[in-house]
Amino acid sequence: MNLAFGKNLKALRHQKDMTQDELAHKLSLSVQAISRYETGTAYPDIEMLPVIAGFFGVTVDALLGVSGKAREQRMDEYTEKLRTITDRRERLALLRKQHAEFPEDWGVVSSMVYEMTFIPECLAEMREIVDDAMKSCSETIWRENIIFSYLKSESDENMANTFMDKHASRYDMRKIQLLNHRYAVRNDPEKLAAVRQKLYLEELEHSLFRITERIDGDTPASRENCRHVLAFTEHLSGNADPTKPDMWITLRLMVMLRLANNCFTLDYEDEGFAVLQDAVTLFENFFALPDGSVLTYGSPLFDRLSAVTKKEVFYGITEFTGMIAESMMVNLVYQTPISHVTEGNLFGDMEGFTRTMVFSDHTYKHVLKNAGWDGLAKVKDDPRYIALRERAKAVSSIENPENLLFMLESQSQRSDAYIQNMKWVCALLVRDVGAYVIFDDADDIEEKFTRMRREGNTIVYRTATAKFGGGFIPLPDNIRRNLLELNPDNADAEVVMRKQDGEIVYSDFPKN
């Protein structure tokens, strides 16, 4: 606990012009306890902190003397530690410690409850935590996360039903439903039509995707259902080409991958590879779309829901090793027009009812590369499978030079407070791992190289550096020195530059 607690407690007591004995009486504590708190020789139990803070009308953070900046730094420290721990019980122990320091942070409580879902003997403790959260937590996102985690773990059906009866709402409070209510009661038919089309679409896509799941291992039924869903979307869209991107792409792609997996599981290899070939081609064609391409559902049922494509970079956060750029992702931003797509007549996704994404990271890395599905695992060493997997990697991975440069160009256009005084941003690419992204901050440089050593990712085979405001620049000297200290073999790393005509070229690592 912060050592400023005793000093703050004493100052707050003096502000109320109270003696230690008077404060002890008000808080139902002994005068000796108050004395020990103020001298720093003892600290109150975690349950007492909100009581003391409430009595003085301050937050627990203020009582502990945790400033906004210090609090943020400590929370970041906990986050970094949590990323290095894989054991659930160890993670829970650290979260308990974090909760003791920040008892009013419901995000921490939500994480604690989530970890407890993997530890059955924590159910009784979870019930107490959830009961307290339902009384005190008013932050919607954390409240909902806590509820869902609890219901996953509650083994007593009666207790689960009693809990749901008490805390369920008679209203659907998602933003799209609130918009539906708003436009209905305000008699705004144009906006209402767009919102209701999106609502119907959500239900339809969810239902179609769910019926392709295997239930009790029934692979033949799932295979047939996948075929039916693909035929149904073809009928709705009027698009008979399974490799042509349209607004059904997210559903189509995942169903095609499921169908291929089912075929391989049932030993229909030729059919499986034909479907997988179409899926990868659809994937490639989507990535080849130029920004601003307009996609539709091809059906009058959803004629208010069109899309424009926009290529963006997202970061994959590895669960335990921290932030690195793992792969390129393309964000398909579904922007809902009030009427048909016209210039300046689009609702952005901030309106809350039309955004989804096609993640290359999921399709390539989690599905194709890892071959974690049973059918794909059976053919993962087949040359045909390897070739298709490499095709997906070629268009989506950060190892693709075009993607690496696009990622850096995007970063160099940032304008947030963190990078306001930065001059350049650099990516160090480690094969099959990702790109460690470094800003020209001494602490950031040191931290990234320390992390690379810790993780054993010391061989860098490609580098690129962009300046803020745009344009690529030679590798900074301090990065070059650190690379050579990291591993002498990095002298062979390629430096990615861009010529004026836009071609990508490679030059040898500058040897000093």
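How many residues of strand S7 (residues 424–430) are buried? That was my opening question, and the count came out at seven of its seven residues, so to speak a strand that is mostly covered. I kept in mind throughout that this is a predicted model.

**Entry 1: the two sides of S7**

I next looked at where the side chains go. In a regular strand they alternate between the two faces of the sheet. In S7, I found Trp 424, Cys 426, Leu 428 and Val 430 pointing one way. Val 425, Ala 427 and Leu 429 point the other way. Residues of both sets are buried.

**Entry 2: the neighbours of S7**

Which strands are joined to S7 by six bridges? I found S9 (residues 462–467), which runs antiparallel to S7. I also found S8 (residues 434–439), again with six bridges and antiparallel to S7.

I then followed the chain from S7 into S8. The two strands form a hairpin with three residues between them. There, Asp 432 takes a positive phi near 65°.

**Entry 3: a pair of helices**

I moved on to helix H12 (residues 175–185) and helix H13 (residues 189–210). They pack at an angle of about 145°, and their axes are 9 Å apart. H12 passes H13 in a left-handed crossing. On the H12 side, the contact is made by Ile 176, Gln 177, Leu 179, Asn 180, Tyr 183 and Ala 184. H13 brings Lys 191, Leu 192, Val 195, Arg 196, Lys 198, Leu 199 and Glu 202. I sorted the residues of this contact by type and got seven nonpolar, two polar and four charged.

**Entry 4: one threonine**

Is Thr 363 buried or exposed? Its relative accessibility is 4%, so Thr 363 counts as buried, the cut-off being under 20%. I placed Thr 363 in helix H17 (residues 360–369). Leaving out residues up to four places away in sequence, I saw that Thr 363 touches Leu 253, Leu 257, Phe 283 and Leu 368.

**Entry 5: stepping back**

Last, I looked at the whole protein. I noted 22 helices and 11 strands. Of its 512 residues, 46% are buried. For contacts with a separation of 6 or more, 62% are between residues 24 or more positions apart. The protein exposes about 26,300 Å², and carbon and sulfur atoms supply 51% of that area.

How values were computed:
Residues numbered from 1 in each chain as written. Predicted model: local features only at pLDDT ≥ 70, side-chain atom pairs only at ≥ 80, totals over all residues. Heavy atoms only, no water. Buried < 20%, exposed > 50% of the residue type's maximum accessible area, 1.4 Å probe, protein only. Helix = DSSP H or I, 4+ residues; strand = E, 2+ residues; numbered from the N terminus. Pairing = 2+ DSSP bridges. Contact = heavy atoms within 4.5 Å. Areas by Shrake-Rupley, 256 points an atom, 1.4 Å probe, with all protein chains shown as cover. Axes fitted to C-alpha atoms, helices over the stretch in contact; angles between N-to-C directions. Left-handed = near helix turned anticlockwise from the far one by under 90°. Nonpolar A, V, L, I, M, F, W, Y, C, P; charged D, E, K, R; others polar.
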